[in-house]
Amino acid sequence: MKSIVMGGGVIGITTAWYLAQEGHQVTVLERREETGLETSFQNGALLAPGHSQAWASPAAPKTLIKSLFQDDPVLRFRIRTEPEFWRWGIEFLRNCTAEKYRENTLRIMRVMKYGIEQLRVLRDKTGIEYDGNDKGILYLFRTQRTLEHGVAAWNLLKEHGLPLEEVTREQCVGIEPALGVSKEKIAGGMYAPMDGAGDALIFTRNLAKLCRGKGVDIRLNTAVTGLKREGDRITGVRTDKGDLDADCFVLALGLESPELARSVGVRLPIYPIKGYTMNVSTRGYNGAPTVGIIEEDNLVAFARLGDKLRVGGKAEFAGYDKSYSPDQYKGVFKVARDLFPQGADYANPTYYACLRPVTPGGPPILGPTRYRNLHVNAGHGAAGWTMACGASRAVVDVIAGRKPEIDMEGLTLARN
Ligand SMILES: Cc1cc2nc3c(=O)[nH]c(=O)nc-3n(C[C@H](O)[C@H](O)[C@H](O)COP(=O)(O)OP(=O)(O)OC[C@H]3O[C@@H](n4cnc5c(N)ncnc54)[C@H](O)[C@@H]3O)c2cc1C
């Protein structure tokens, strides 16, 4: 069977890998000069099923409105004029009930947990390197009030089988000794031993190499410009390098997926939410964490990648704008210096900003469309690196006519 995967981010490359395992003759089409140069390039680097909570929650509308009046909020909501912003926004608000929050959180957790399990299966099978560690993630809270609130939110995940432990301040230091210098600044945390960290870009590039070794044709500098259809089938793709035919097509263009899908009448409600990350060198510093950390009061994430510390945060409604300036990292620096004063060379950061492809409720869109041979693997939001192997494995199971190992309820286009 000839298959075309559109997009060479972490999602497209993992899809290509599992299709190749099925014996498909796979071609990946990527518009950039290399794989992984968009959202998968420098994300938060955390493999974090412990952070499965949906963003659409009963508390979200109030937080969004408050942010309109704040100077440098963690979540910056700005009203935009594009019609897609309004459609997406209305659907987001519809997902802000307690019932929907619970449903969406459990769906996200299902894919994230399966994602990390499948990533480890793939790693054990191939020996792939990605500067990774399996040391877990500590979710830290600054005050007793936020800790109590956090424990209540995390209990939903715990009750549904995610390994999580509530830990005292002293236990936090036991798990991550680098917190010794700042322990008075935290009230306690939740520890997720299953979680981990790793560089999505290195993984994507190394998996692309393994894919090539299995005969996958990865065509770089090739932009998909359209889809050809006949009745309920897609017959080919149009690219800036000519047309290509195949039997099966997977849409994994990240944020660009909705536009191409729309051209054949398929609506994918995916909208960008911007985030900021930086790399700082830990060479010559002895106070950086080796365990993944998310400081929950300000939502600042830390991942140790070899001799770098990846620090990231913020969620901004900025349309498709990916620009950044040092000014936007003030809050992130403040938390980094506060928790890990001797952690890294904070004077010489490498900045990056990228856009999370987010669905209104939070779960990604996986699997079939109204076209028998067009499948979607997109909209993984803030968790695409964690979900990649699980989401792609499930999509390929559907393509192969097998029942995926996870329940696909609420993960396909046919969601309520
Ligand atoms: C600030 C930030 C922090 C994050 N932190 C984490 C984290 O800690 N853990 C986690 O699990 N996830 C995290 N994420 C989410 C994760 O990075 C994304 O969900 C994931 O990278 C999405 O992968 P993708 O392959 O769908 O998209 P992309 O990586 O954007 O890939 C899509 C590819 O399609 C290509 N493309 C687009 N249009 C065309 C076209 N017309 N023709 C050909 N090619 C095209 C693009 O060039 C791109 O390479 C974070 C995201 C952000 C923004």
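Hi everyone, let's start with strand 5: Ile137, Tyr139 and Phe141 point one way from it and Leu138 and Leu140 the other way, and all of them are buried. Buried here means 20 or more other C-beta atoms within 10 Å of a residue's own, exposed means 12 or fewer, and partly exposed is in between, with C-beta atoms placed from the backbone. In a regular strand, side chains alternate between the two faces of the sheet.

A quick word on what we have on screen. This is a predicted model, in which local features need pLDDT of at least 70 and side-chain atom pairs count only at pLDDT 80 or more, while totals for chains, interfaces and linings use all residues. Residues are numbered from 1 along each chain as its sequence is written.

Back to strand 5, residues 137–141. Which strands pair with it? Pairing requires at least two DSSP bridges between two strands. Helices (H or I, at least four residues) and strands (E, at least two) are DSSP runs, numbered from the N terminus. Tyr139 stands opposite Met190 in strand 7, and Ile137 has Gly292 as its bridge partner in strand 15.

Ile137 also takes us to the core. Along with Val5, Met6, Ala16, Cys211, Phe249 and Leu251, Ile137 is among the residues with the most contacts inside the largest nonpolar core, which has 121 residues. Helix 4 (residues 98–126) gives the most to this core, ten residues. A core here is a set of buried Ala, Val, Leu, Ile, Met, Phe, Trp, Tyr and Cys residues joined through C-beta atoms within 7 Å. Leaving out residues up to four places away in sequence, Phe249 touches Ile4, Met6, Ile234, Val237, Asn373 and Leu374; contact means C-beta atoms, placed from the backbone, within 7 Å.

Next, strand 14, residues 271–281, where nine of the eleven residues are buried. Strand 14 runs antiparallel to strand 18 (residues 350–358), with nine bridges joining them, and Tyr271 has Val358 as its bridge partner there. Strand 17 (residues 308–316) is also antiparallel to strand 14, joined by seven bridges, with Asn279 opposite Arg310.

Now, how many residues surround the ligand? There are 42, the closest being Gly9, Gly44, Gly254, Gly275 and Gly384. Helix 1 (10–21), strand 14, strand 18 and helix 10 (384–399) are the elements that give two or more residues to this shell. Strand 18 gives the most, with four. The cut-off for being near is a C-beta atom, placed from the backbone, within 6 Å of the molecule.

Finally, the whole chain. The protein chain has ten helices and 20 strands. Its radius of gyration is 21 Å, close to the 22 Å from the globule rule for 416 residues, so the chain is as compact as a globular protein of that length. That radius is taken over C-alpha atoms, and the rule is 2.2 Å times the number of residues to the power 0.38. Of the 416 residues, 51% count as buried. Among contacts between residues at least 6 apart in sequence, 78% join residues at least 24 apart.

Ala414 is found in the segment after helix 10. Thanks, everyone!

Methods
Two residues are in contact if their C-beta atoms, placed from the backbone, lie within 7 Å.
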